[in-house]
Amino acid sequence: ICPSTARSHWYLGRRSQPRPHPAEPRYRMGRQRRRPARSRTRHSSCFLPQHRQGFRPRPTLGDWVWRHDPATGATAVVADGFARPNGICFSPDESVVYVTDTGHATGDGGDRALDPAGPRSVYAFDVAADGAHLERRRLLYVADAGVPDGIKVDRAGRVYTGCADGVHVLAPSGALLGKVLVRGCEGGAANLCFGRGAYASTLFILAEGALLSLELHGASGAL
């Protein structure tokens, strides 16, 4: 889920019935959907990336990005063509949406845990002037270690995404500016966020078995 001051809800829809969280709207649409991987809210907007759960019923909806308008109650698909849409966030001015696709990691076990041809990518979309559509999809970045999982931005527009070796820091153009390496933590950086208030320049990194923090002088979280 990505926070936003936008007037509508955006979320990533996958294909099995999610287990409702108290803060999450309960959209059903009569189909099996995947439960959200993470959720955040701000004001009236809620953004939910959703993942496949292997033990759930066979999915009947695609791996899509959805938009929900709380004023009208309308819910619609605004982007498709993903293998496993995962993280989502907005640029500081909310004109661009970033979406990670972790299709390289299939979620299956054994020999099928990784798909060599699957995406390990960050995509960018422009938010249309009407606020109801996404346009100009482009490939922003392909991770060179694992998959880009959680994703955040700072006030300068830099993009931070958690990968197998740590946090990759990108320019808005997709150029790799550097990495925050996470050594000794199995699975690398799964998710991340900036603190608030006195901790606005602190990057908190959630690894598979540890919670790390790093002070980034000159940077602070956008949302």
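Residues are numbered from 1 along each chain as its sequence is written. Because the model is predicted, local features need pLDDT of at least 70 and side-chain atom pairs count only at pLDDT 80 or more, while totals for chains, interfaces and linings use all residues, and side-chain values use heavy atoms, with hydrogens and water left out.

**The chain as a whole**

The chain has 0 helices and 16 strands. Helices (H or I, at least four residues) and strands (E, at least two) are DSSP runs, numbered from the N terminus. Of the 223 residues in the chain, 50% are buried. Buried means under 20% relative accessible area, exposed means over 50%, and partly exposed lies in between (1.4 Å probe, protein chains only). The accessible surface comes to about 10,600 Å², and carbon and sulfur atoms supply 51% of that surface. These areas come from the Shrake-Rupley method with a 1.4 Å probe; for residues, only the protein chains shown count as cover.

Among contacts with a separation of 6 or more, 50% are between residues 24 or more positions apart. A contact means heavy atoms within 4.5 Å.

**Confidence**

The mean pLDDT of the chain is 78, and 73% of its residues reach 70 or more. pLDDT is the predictor's confidence in each residue, from 0 to 100. Residues 1-7 have a pLDDT below 50, and this stretch has 32 contacts in the model beyond near neighbours in sequence. Residues 35-45 also have a pLDDT below 50, with 54 contacts in the model beyond near neighbours in sequence.

E11 pairs with strand E10 (residues 151-153) in the antiparallel sense over 3 bridges. Two strands pair if DSSP finds at least two bridges between them. Within this pair, Lys 152 has Tyr 160 of E11 as its bridge partner. E10 and E11 form a hairpin with 5 residues between them, and Gly 157 in the turn has a positive phi of about 90°.

E11 is also joined to strand E12 (residues 166-170), antiparallel, by 5 bridges. Here Val 159 stands opposite Leu 170 in E12. A hairpin through 2 residues joins E11 to E12.

**The sheet E14-E15-E16**

An open sheet of 3 strands has the order E14-E15-E16, with antiparallel pairing. E14 and strand E16 (211-215) stand at the edges with a single partner strand each, so one side of each is left without a neighbour in the sheet. The twist averages 25° from one strand to the next. For such angles, axes are lines fitted to C-alpha atoms, for helices over the stretch in contact, and angles run from 0 to 180 degrees between N-to-C directions.

Strand E14 (residues 189-194) is largely enclosed by the rest of the structure, because 5 of its 6 residues are buried. The antiparallel pair of E14 and strand E15 (residues 202-207) has 5 bridges. Leu 192 has Ile 205 in E15 as its bridge partner, and Asn 191 stands opposite Leu 206 in E15.

**Positive phi and cysteines**

Most residues other than glycine have a negative phi, and most peptide bonds are trans. Glu 94 has a positive phi of about 60° although it is not a glycine. Glu 94 lies in the loop between strand E6 (85-90) and strand E7 (96-101). Arg 136 is another residue other than glycine with a positive phi, near 55°, and Arg 136 is placed in strand E9 (residues 134-142).

The structure holds 0 disulfides, a disulfide being a pair of cysteine sulfur atoms within 2.5 Å.
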